[in-house]
Amino acid sequence: MTDQYVAAIDQGTTSSRCIVFDQRGEIVAVDQREHRQIFPKPGWVEHDATEIWSKVQAVVAGALAKAGLRADQLTALGITNQRETTVLWDRATGRPVHNAIVWQDTRTAGLCTELGGEHGQDRFREATGLPLASYFSGPKAVWLLDHVPGLRTRAENGEIAFGTIDSWLIWNLTGGTDGGKHITDVTNAGRTMLMNLETLQWDPAILAAMNVPEAILPEIRSSSEVYGTAVGQLAGVPVASALGDQQAAVFGQTCYDVGEAKNTYGTGSFLLLNTGHRPVASKSGLLTTMGYQLGGEPPVYCLEGSIAITGALVQWFRDQLGIIGSADEIEPLAASVDDNGGAYIVPAFSGLFAPYWRSDARGVVTGLTGFVTKAHLARAVLEATSWQTREVVDAMREDSGVRITALKVDGGMTANSLLMQHQADVLDVPVIRPVISETTCLGAAYAAGLATGVWQDLDELRAHWRKDQEWTPRMEAPERDREYRNWRKAVERSFGWQEEGE
């Protein structure tokens with residue numbers, strides 16, 4: 001049997017990578033490049049979508065070269081992406097009309113309050129599963145339409161295309177201005193706050209309420225099907241999957257059964273619980289979201305807890321404070337002390353996401369005494385990730401009635417054993433890392449391979465999943481409860497810093 005290879009593009013918040021997988025789901029080659037983070041004002045975060053497309057082309061070429069493969073040896077290409085980051089571009093020139101507005105950006109907080117009006121934050125939650133928050137793409141598109149001169153008129157005339165990064169990449173991969181496909185999948189469309197969770201189509205009432213012209217919107221398709229054929233360096237390769245990065249990780253972690261959960265630790269962290277073929281409404285500050293849809297099969301839904309800042313806090317500790325020179329220095333520094341010395345860091349740089357949804361929150365460091373050293377702060381940086389995850393797990397149990405008995409984990413921060421042990425301690429459940437921890441790319445590859453016959457069914461994919469390491473709880477209950485109370489006090493002190501209009 002001739003080997004088949006599937007490539008996956010993972011276009012993330014801080015970098016783009018391409019990974020080539022073989023039929024066993026094992027990594028053949030990886031290439032990765034960072035792109036710029038643009039901060040025009042406090043709370044504003046932008047990316048240059050043209051730079052992202054350039055870096056994506058570079059990592060595809062790099063991965064193929066490292067694998068020793070030609071493009072025509074790839075059976076399929078899958079895409080996974082940072083989800084709510086929003087691009088509007090000119091259909092005729094292919095050029096973005098403005099920098100992409102990143103999911104972390106808070107400039108639409110006032111607009112979201114205005115859209116909520118007398119209905120409040122939950123105005124569109126029944127239809128979309130989402131609260132009105134600056135996180136989501138629809139209000140970001142509205143902001144661009146209202147603030148780029150002449151853009152709304154051009155949009156209404158059909159000259160402008162809207163998309164999250166998956167749409168931008170698919171359009172460029174399949175021809176761009178020369179016949180590029182303007183497509184998104186259900187997982188990405190579901191994060192715009194414009195798609196109805198039941199119909200899986202753009203919701204006319206919400207489009208009208210937000211004043212979003214339908215002419216700018218991509219066609220919504222399933223997460224696993226052939227959308228079109230690539231041109232250029234990947235000429236002839238079927239573009240056969242798209243999943244938002246967290247949904248791709250669900251798929252790569254093989255969380256195909258109701259009650260299975262995973263947490264991905266990246267720039268932010270995202271915990272998703274499979275709830276099956278029905279959306280479960282949240283009363284505890286979680287999101288009801290798409291899990292995935294395979295071709296014409298019924299969709300799978302999830303509950304999601306989204307945490308804005310986890311890995312990005314380590315980046316801040318390195319780049320903005322200069323306390324460490326590289327991210328991997330934080331573990332030995334934190335391990336040089338026995339605890340956090342009473343210090344807690346709440347990284348509400350862009351407000352707080354689940355379960356609070358507080359755009360008015362800002363980051364705080366609390367509990368400082370003369371005893372606290374940079375090592376204690378390093379420990380507090382890591383612990384912020386596991387405490388935020390604990391809050392999400394508690395909310396998930398409240399909504400679903402499902403008690404998580406183990407947590408599958410993936411993403412770059414899972415290399416940090418001190419963090420993973422603390423995560424097991426504060427959840428009081430085992431934390432399990434698979435052999436392939438970069439499961440976002442793996443999920444996109446699996447979905448593309450299913451669509452093109454590389455793999456036959458979900459059972460075949462399950463058979464590829466293998467455990468690499470497991471951390472079991474060691475912390476005594478009284479210590480866990482005391483530390484959690486202190487964390488909650490620290491979180492409360494982050495509320496109310498940003499006043500409306502600032």
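These legends describe close-up views of a predicted model.

Residues are numbered from 1 along each chain as its sequence is written, and side-chain values use heavy atoms, with hydrogens and water left out. Because the model is predicted, local features need pLDDT of at least 70 and side-chain atom pairs count only at pLDDT 80 or more, while totals for chains, interfaces and linings use all residues.

View 1. Helices are DSSP runs of H or I with at least four residues, strands are runs of E with at least two, and both are numbered from the N terminus. At the start of α1, a side-chain oxygen of D48 comes to within 2.9 Å of the backbone nitrogen of T50. This is a polar contact (a pair of N or O atoms within 3.5 Å; within protein, one must be able to donate a hydrogen and the other to accept it, and residues adjacent in sequence count only if both atoms are side-chain atoms). Just after α1, G68 has a positive phi of about 70°.

View 2. Buried means under 20% relative accessible area, exposed over 50%, and partly exposed in between (1.4 Å probe, protein chains only). An α-helix has 3.6 residues a turn, so residues three or four places apart point the same way. A63 lies in this helix. A63 counts as buried because its relative accessibility is 0%. Leaving aside neighbours within four places in sequence, A63 is in contact (heavy atoms within 4.5 Å) with C18, V20, A29 and D31. The C-alpha atoms of A63 and Q32 are separated by 8.4 Å, although the two residues are 31 apart along the chain.

**View 3. The six-stranded open sheet.** Its order is β3-β2-β1-β5-β12-β11, with mixed pairing. Two strands pair if DSSP finds at least two bridges between them. β3 (27-34) and β11 (224-229) are at the edges with a single partner strand each, so one side of each has no neighbour in the sheet. Neighbouring strands are turned by 25° against each other on average, direction ignored. Axes are lines fitted to C-alpha atoms, for helices over the stretch in contact, and angles run from 0 to 180 degrees between N-to-C directions. α1 packs on the sheet, touching β1 (5-11), β2 (15-21), β3 and β5 (74-81), and its direction makes about 150° with that of β3. Helix α6 (residues 165-173) lies across β1, β5, β11 and β12, at about 150° to β5. β11 pairs with β12 (residues 238-244) in the antiparallel sense over three bridges. S224 stands opposite S241 in β12.

**View 4. The seven-stranded open sheet.** The order here is β15-β16-β14-β13-β19-β20-β21, and the pairing is mixed. β15 and β21 (467-471) are the edge strands, each pairing on one side only. Neighbouring strands are turned by 30° against each other on average, direction ignored. Helix α12 (residues 374-400) packs on this sheet and touches β13, β14 (269-276) and β16, with its direction at about 145° to that of β16. Helix α13 (residues 417-427) also packs on the sheet, touching β13, β19, β20 (431-434) and β21; its direction makes about 55° with that of β21. β13 (residues 261-265) and β19 (residues 407-410) run parallel, joined by three bridges. K262 has K408 of β19 as its bridge partner. In β15 (residues 287-292), six of six residues are buried. Five bridges join β15 to the antiparallel strand β16 (residues 300-307). Y292 has V300 of β16 as its bridge partner.

**View 5. Helices α9 and α14 in contact.** α9 (residues 245-252) and α14 (residues 439-452) pack at about 75°, with axes 7 Å apart. They are therefore roughly perpendicular to each other (65 to 115 degrees; under 35 is roughly parallel, over 145 roughly antiparallel, the rest oblique). Among the contact residues are A248 and F251 of α9, and L442, Y446 and L450 of α14.

**View 6. Backbone geometry at M193, P355 and W357.** Most residues other than glycine have a negative phi, and most peptide bonds are trans. The peptide bond from A354 to P355 is cis, with omega near -5°. P355 is in the loop between β17 (344-346) and β18 (364-366). W357 is in the loop between β17 and β18, and has a positive phi near 55°. W357 counts as buried because its relative accessibility is 7%. M193 has a positive phi near 70° and is placed in the loop between α7 (186-189) and α8 (204-210). M193 counts as buried at 1% relative accessibility.
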